[in-house]
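Please examine the sequence and the structure shown below.

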Amino acid sequence: ESILNGPKLGFGVPYGEWLAGPLATFTKERLSAPGTLVAELFDTVELERLCDRHAAGTANHGFMLYKLLMLALWSERNPGPDSLS
């Protein structure tokens with residue numbers, strides 16, 4: 001009864017763990033890829049440092065890295081008008 005009529009509950013997504021583990025290399029590559037929107041907007045050397053610190057466990061940048069990765073992937077799939085030939 002408490003499950004059926006209880007309040008909605010969210011659930012956490014372990015993106016911090018994913019970005020420090022199985023997606024660490026992929027994330028670092030996507031965020032430091034030259035000629036991308038992310039590379040134009042942000043300092044890629046600093047982004048690599050964020051990735052390294054997060055993967056090493058010396059800092060928790062999971063939230064920020066996840067958002068940046070989503071921006072990078074979105075921009076790769078949705079190129080702007082300047083990239084149309």
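## The loop at glycine 12

Glycine 12 is found in the loop that lies between helix 1 (2-5) and helix 2 (15-20). The model described here is a predicted one. Exposure is assigned when relative accessibility is over 50%; glycine 12, at 69% relative accessibility, therefore counts as exposed.

Glycine 12 can also be placed in relation to leucine 37. These two residues are 25 residues apart along the chain, and 28 Å separates their C-alpha atoms.

## Helix 3 and helix 5

How do helix 3 and helix 5 lie to each other? Their axes come within 9 Å and cross at roughly 170 degrees. Angles over 145 degrees count as roughly antiparallel, and helix 3 and helix 5 are therefore roughly antiparallel to each other.

On the side of helix 3, the contact is formed by Ala24, Thr27, Lys28, Leu31 and Ser32. These meet Thr44, Leu47, Glu48, Cys51, Asp52 and Ala55 in helix 5. By residue type, the contact of helix 3 with helix 5 comprises five nonpolar, three polar and three charged residues.

## Helix 3 and helix 6

Helix 3 (residues 24-32) also meets helix 6 (residues 62-77); the two axes come within 9 Å and cross at roughly 60 degrees. Helix 3 and helix 6 are therefore oblique to each other. The crossing in which helix 3 passes helix 6 is left-handed.

Which residues bring helix 3 and helix 6 together? Helix 3 contributes Phe26, Thr27, Arg30 and Leu31, while helix 6 contributes Leu65, Leu68, Leu69, Ala72, Leu73 and Glu76. The residues of this contact between helix 3 and helix 6 divide into seven nonpolar, one polar and two charged.

## The largest nonpolar core

In soluble globular proteins, nonpolar side chains tend to be buried together. In this model, the largest nonpolar core has 11 residues in all: Leu19, Leu31, Val38, Leu47, Leu50, Cys51, Leu65, Leu68, Leu69, Ala72 and Leu73. Helix 5 (44-56) and helix 6 each supply at least two residues of this core. Helix 6 gives the most, with five residues.

Cysteine 51 is one of the core residues. Which residues does cysteine 51 touch, leaving aside those up to four places away in sequence? They are Thr27, Lys28, Leu31 and Leu65. Among them, Leu31 and Leu65 also belong to the largest nonpolar core.

Note on methods: Residues numbered from 1 in each chain as written. Predicted model: local features only at pLDDT ≥ 70, side-chain atom pairs only at ≥ 80, totals over all residues. Heavy atoms only, no water. Axes fitted to C-alpha atoms, helices over the stretch in contact; angles between N-to-C directions. Helix = DSSP H or I, 4+ residues; strand = E, 2+ residues; numbered from the N terminus. Parallel < 35°, antiparallel > 145°, perpendicular 65-115°, else oblique. Left-handed = near helix turned anticlockwise from the far one by under 90°. Contact = heavy atoms within 4.5 Å. Nonpolar A, V, L, I, M, F, W, Y, C, P; charged D, E, K, R; others polar. Core = buried A, V, L, I, M, F, W, Y, C linked by side-chain atoms within 4.5 Å. Buried < 20%, exposed > 50% of the residue type's maximum accessible area, 1.4 Å probe, protein only.
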